[in-house]
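User: Please take a close look at the interface between the two chains. I would like one connected account of what builds it.

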Amino acid sequence: MKITQQEGKRKSLNEALITIAALLILLALPSLTGSQKIMDFVIFAAAYGVLATALNLLIGYTGLISFGHAMFFASGAYSFGALMQSETTSVPIAIVLTLIITATIAAVIGAICVRLSEIYFAFLTLAFQMFFHSVLLSWVEVTGGDNGLLGGIPTPVFFGINLAQAGTKYAFCVSLAILSIYLLRRIVTSHFGYTLRMIRDNERRAIFLGVNVFLTKLICFTLSAVFASIGGIILALFISGAYPDFAFWTTSGEAIFMVMLGGVNNFLGPLVGAILLTGLNDLVVHYTNHFGLFLGSIILLFALVLKKGILDFLDPVLENLLNKKIKTPNDTSEVENSDA
Amino acid sequence: MELGALLSCLSDQSCLVTQTTSGLIIGMLFFLVASGLTLIFGVLGIVNFAHGAFYMLGAYIGYSAYQVTQNYAIAVISAGLGAALAGALFECLAVRRVYGQNVLLQLLVCYGVVLIADDLVQIIWGSEYLSMGMPETFRLPPLVIAGGFVPPFYIFIICTSSIIAFLLWFLIERTQYGRIIRATATNPEMVSSLGIPTPLIYLSVVVLGLFLAGIAGGLAAPIRALTPGMGFSVLIVSFVITVIGGMGSVSGAFIAAILIGLTRSYGSIGFPLFVDGLIYLLMAAVLIIKPTGLLGEKKADRP
């Protein structure tokens with residue numbers, strides 16, 4: 001299907017409107033429900049949702065399975081937390097510095113990792129992540145070692161915004177998350193995003209067409225890391241701390257599961273996966289001590305029976321429904337069906 | 001960082017003996033786990049993320065068998081058999097359904113199994129740390145070799161695992177079964193069209209690999225504290241070994257396991273807080289220089 005320029009413009013306008021609507025709904029939530037639980041849930045889902053959506057830039061769009069993305073999630077949380085604790089920077093500057101730090105780490109590690117493919121890429125990223133995890137554990141003076149960044153993260157007032165207030169903090173975190181997801185959407189619908197898909201589908205063809213595959217993958221890796229670190233910033237800001245578990249491989253495992261659960265081939269899939277998994281976690285912990293048994297069974301059921309993400313599964317179903325509505329009762333397709 | 005301590009150890013004979021034996025024992029136990037992992041990858045093309053869970057299962061079954069029989073040999077053998085049995089179930093119920101599919105899907109299935117196994121162990125054996133204690137036979141004074149103290153149990157472990165390693169090499173390189181699994185690893189269609197039931201071969205490889213993991217768990221039970229989730233760290237290190245040695249190469253895994261064992265035992269003197277970091281550095285270095293690992297080869301088409 002060819003998309004004309006006008007259609008493209010209309011589409012991106014629609015997306016911007018949807019984003020603003022989503023933001024408004026989320027901002028209105030606390031005053032509608034007034035429940036702290038729901039606010040907690042929204043922020044956790046938002047932080048992990050940003051991580052999963054960023055990760056899907058690598059997995060779904062470029063075909064690179066990173067098993068080490070929790071490293072950037074943690075580097076976001078730790079850099080931001082440590083910068084704020086040093087009490088020399090304001091919040092916006094700390095965020096920008098954090099993104100720069102993560103981008104630098106990601107560019108160096110990415111330059112080494114993206115040369116490899118498939119399972120070797122996965123393992124090299126895993127190794128770097130575990131290396132990062134052991135740095136977090138052993139560099140006690142900066143990271144607090146096992147205990148993580150304790151003592152809270154101070155948030156001085158900037159531009160009249162006081163993040164020490166729970167409501168303001170919530171609004172700030174939600175806006176940050178929605179903005180990140182909107183920007184990620186802009187990336188995947190851009191020329192760059194289509195280049196990523198081409199590399200995923202046929203790397204050799206991309207090379208023949210003159211794409212600098214190494215550089216494209218490296219930029220994608222770095223971008224994905226930067227957005228993952230925003231997820232980390234949101235979480236660190238909200239719980240006022242950072243823990244070494246953020247960089248542990250299980251966090252990467254969960255992020256990958258979120259991506260798979262929601263659907264790899266759908267932009268919003270990972271976000272849906274993050275919301276579902278976070279909700280599931282809350283529910284299961286509330287009702288049973290046997291968290292692993294329950295979650296494990298669900299994962300198994302999902303992987304062995306459904307075999308694809310929920311949105312990937314629903315997509316053709318929804319499309320069918322929409323098509324049927326348009327079709328008239330005398331549609332020829334029914335005749336074809338009876339023939340078959 | 002305590003480089004001084006490392007240097008003084010390297011120049012002291014008794015310290016060398018102690019550290020080398022403890023490095024070898026770590027390495028040999030890891031080899032048993034990693035060899036199964038690499039075998040399963042080599043033949044089935046499946047990255048078995050649940051491998052550590054079967055090591056854990058072996059350790060717990062060994063613990064229980066020892067409580068009942070007070071016989072360490074029986075404990076180790078039942079650890080192996082128990083893990084193998086669970087492995088057969090694992091293959092039939094789960095892995096079989098994702099052969100040749102998306103790597104992500106395979107990872108997820110294994111991830112689910114790990115979560116379930118950890119919780120089951122917690123339900124059956126409790127979440128407290130368990131300790132099997134040294135078997136009666138090995139409660140002997142340590143041997144003194146060149147001034148270094150070496151417990152007899154360590155020597156037993158090193159000998160037993162070396163024998164198992166030799167038997168494994170013999171099985172793969174010198175028997176009919178070994179020829180069949182090597183052929184299956186290279187060209188499953190050809191093997192299948194020769195009338196050999198490949199599904200059975202796959203099942204047997206999974207069972208063999210998890211038997212080895214169970215044996216390793218049983219052997220390690222007297223010197224490790226048992227806890228649900230103990231499989232995690234073993235799994236990750238085994239992966240590192242598999243990758244360093246070359247995915248699918250058993251002899252590569254052997255070299256890498258010894259290398260990792262020694263790195264850990266000497267690293268714990270020189271960089272006490274950074275031992276794990278060292279082995280990941282080692283892995284990254286190997287992958288950067290030789291992406292397929294030390295003895296890795298290009299992999300074949302999978303089922």
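Analyst: What follows covers the interface of chain A and chain B, then the aromatic rings. The model is predicted.

Start with the extent. In chain A, 38 residues are in contact with 39 residues of chain B. The size of an interface is often given as the accessible area lost when the parts come together. Here the area buried between chain A and chain B is about 3,600 Å². Carbon and sulfur atoms give 84% of that area. Three residues stand out on the chain A side: A:Tyr120, A:Phe123 and A:Trp249. Together they supply 19% of the area that chain A buries against chain B, more than any other three residues.

Next, the polar side of the account. Polar contact between the two chains comes to one residue pair, with both residues at pLDDT 80 or more.

Which helices of chain A each supply at least two residues of the side that touches chain B? They are helix 5 (118-138), helix 11 (249-262) and helix 13 (291-306). Helix 5 gives the most, with 13 residues. By class, the side of chain A that touches chain B has 27 nonpolar residues, eight polar and three charged.

Now the rings. Over all chains, a search of the whole structure finds 17 aromatic pairs. In chain A, ring pairs join A:Tyr48, A:Phe73, A:Tyr243 and A:Phe246 into a cluster. Charges also sit over rings in chain A. The charged end of A:Arg197 is 4.4 Å from the ring centre of A:Tyr194, over that ring. A:Arg185 lies over the face of A:Phe267, and the distance to the ring centre is 5.3 Å.

Key: Residues numbered from 1 in each chain as written. Chains lettered and ligands numbered in written order. Predicted model: local features only at pLDDT ≥ 70, side-chain atom pairs only at ≥ 80, totals over all residues. Heavy atoms only, no water. Contact = heavy atoms within 4.5 Å. Buried area = accessible area lost by both parts, 1.4 Å probe. Polar contact = N/O pair within 3.5 Å; in protein donor to acceptor, adjacent residues only side chain to side chain. Helix = DSSP H or I, 4+ residues; strand = E, 2+ residues; numbered from the N terminus. Nonpolar A, V, L, I, M, F, W, Y, C, P; charged D, E, K, R; others polar. Phe/Tyr/Trp six-rings, centres within 6.5 Å; stacked < 30°, edge-to-face > 60°. Lys NZ or Arg CZ within 6 Å of the ring centre and 35° of its normal.
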